[in-house]
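Here is a friendly briefing to read alongside your viewer. Have a look at the chains first, then follow the topics below.

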Amino acid sequence: MDLFSLYNRLLAPFAVFSEIKREPARSFAFALAAERRLLVVPRLEAVDALALRILELVNADPSLPPIDPPEAYALAFAKRAGYPLLTDNASPKLASLTLEELRGVEVLDSLDVLRLLYSGETLFKALKEFTEDTGVRFSARRLRELGVA
Amino acid sequence: MKDLLERYREELEWARELRRKEADWSYIESRPEPLRTALKLLVETGDLWYAAALTGIDLEELNEERVRAKIPLVVV
């Protein structure tokens, strides 16, 4: 899987991992875990406190899209561990760009990751395949900026 | 910073319009409650977790319904 050419391992907070209940996502996640390419991060008290603070900060700011608890936890863990956070939700990315307490957290969405993996015609094909497989649509503005729309 | 927030606001509104436009409304209206409300919430917010949590529907079930209702997940 190409993603592992960028990252050796993926870490999923338990709050996020526990939401994978159905097939084929469940078997896929377990297979990655068995290969130790996916690690489940247990709930940690130190991260809980930061996640709660993030929930308060983001959800109290009407200019930011709301953040949900698993996403806040993942963002807090990324901040504390110094790892990038991979998510397609806009809220963590915007929070990391606007809130002083989250400065320095790298938040990447699918388009960022695909752009890191591919370029030119290969990127165009990868975006098309990804959209067909997942039903995810990308910002027309960002695609134009990348020269693929 | 103001420009960044303004840009995101525009993008989020564009995403909402796209979801409204592409959703299969006859499918959504045909679903029983609370699924129907969850799908409508998803169209308006784009937030799968929120729509699932608020209506008590399993996240993955709602995602499967999202695909059937042709509601795109939009990355802005």
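Of the 76 residues in chain B, 30% count as buried, where buried means that 20 or more other C-beta atoms, placed from the backbone, lie within 10 Å of a residue's own. This is a predicted model, in which local features need pLDDT of at least 70 and side-chain atom pairs count only at pLDDT 80 or more, while totals for chains, interfaces and linings use all residues. Residues are numbered from 1 along each chain as its sequence is written, and chains are lettered from A and ligands numbered from 1 in the order in which they are written.

**Chain B on its own**

- Chain B holds 5 helices and 1 strand, with helices (H or I, at least four residues) and strands (E, at least two) taken as DSSP runs numbered from the N terminus.
- Read from the N terminus, the order of elements in chain B is α-α-α-α-α-β.
- The C-alpha trace of chain B spans about 40 × 25 × 15 Å along its principal axes.
- For contacts in chain B between residues at least 6 apart in sequence, 52% join residues at least 24 apart; a contact means C-beta atoms, placed from the backbone, within 7 Å.

**Where chain B meets chain A**

- On the chain B side, 19 residues are in contact with 21 residues of chain A.
- At least two residues each come from α1 (2-22), α4 (48-55), α5 (59-68) and β1 (73-75) of chain B, and α1(B) gives the largest share, 6 residues.
- By class, this side of chain B has 15 nonpolar, no polar and 4 charged residues (Ala, Val, Leu, Ile, Met, Phe, Trp, Tyr, Cys and Pro count as nonpolar, Asp, Glu, Lys and Arg as charged, and the others, Gly among them, as polar).
- Strand β5 (residues 136-138) of chain A and β1(B) run parallel and are joined by 3 bridges; strands pair if DSSP finds at least two bridges between them.
- A:F138 has B:V75 as its bridge partner in β1(B).

**Domains of chain A**

- Chain A is assigned domain 1 (2-108) and domain 2 (110-146), with bounds from an automatic or database domain assignment.
- The C-alpha centres of these two domains of chain A lie 21 Å apart.
- In chain A, 6 residues of domain 1 are in contact with 6 residues of domain 2, and the domain 1 side has 4 nonpolar, no polar and 2 charged residues.

**A helix pair in chain A**

- A:S110, A:L114 and A:R115 in α6(A) meet A:L123, A:A126, A:L127 and A:F130 in α7(A).
- By class, that contact of α6(A) with α7(A) has 5 nonpolar, 1 polar and 1 charged residues.

Note on methods. Contact = placed C-beta atoms within 7 Å. Buried ≥ 20, exposed ≤ 12 C-beta atoms within 10 Å, placed from the backbone.
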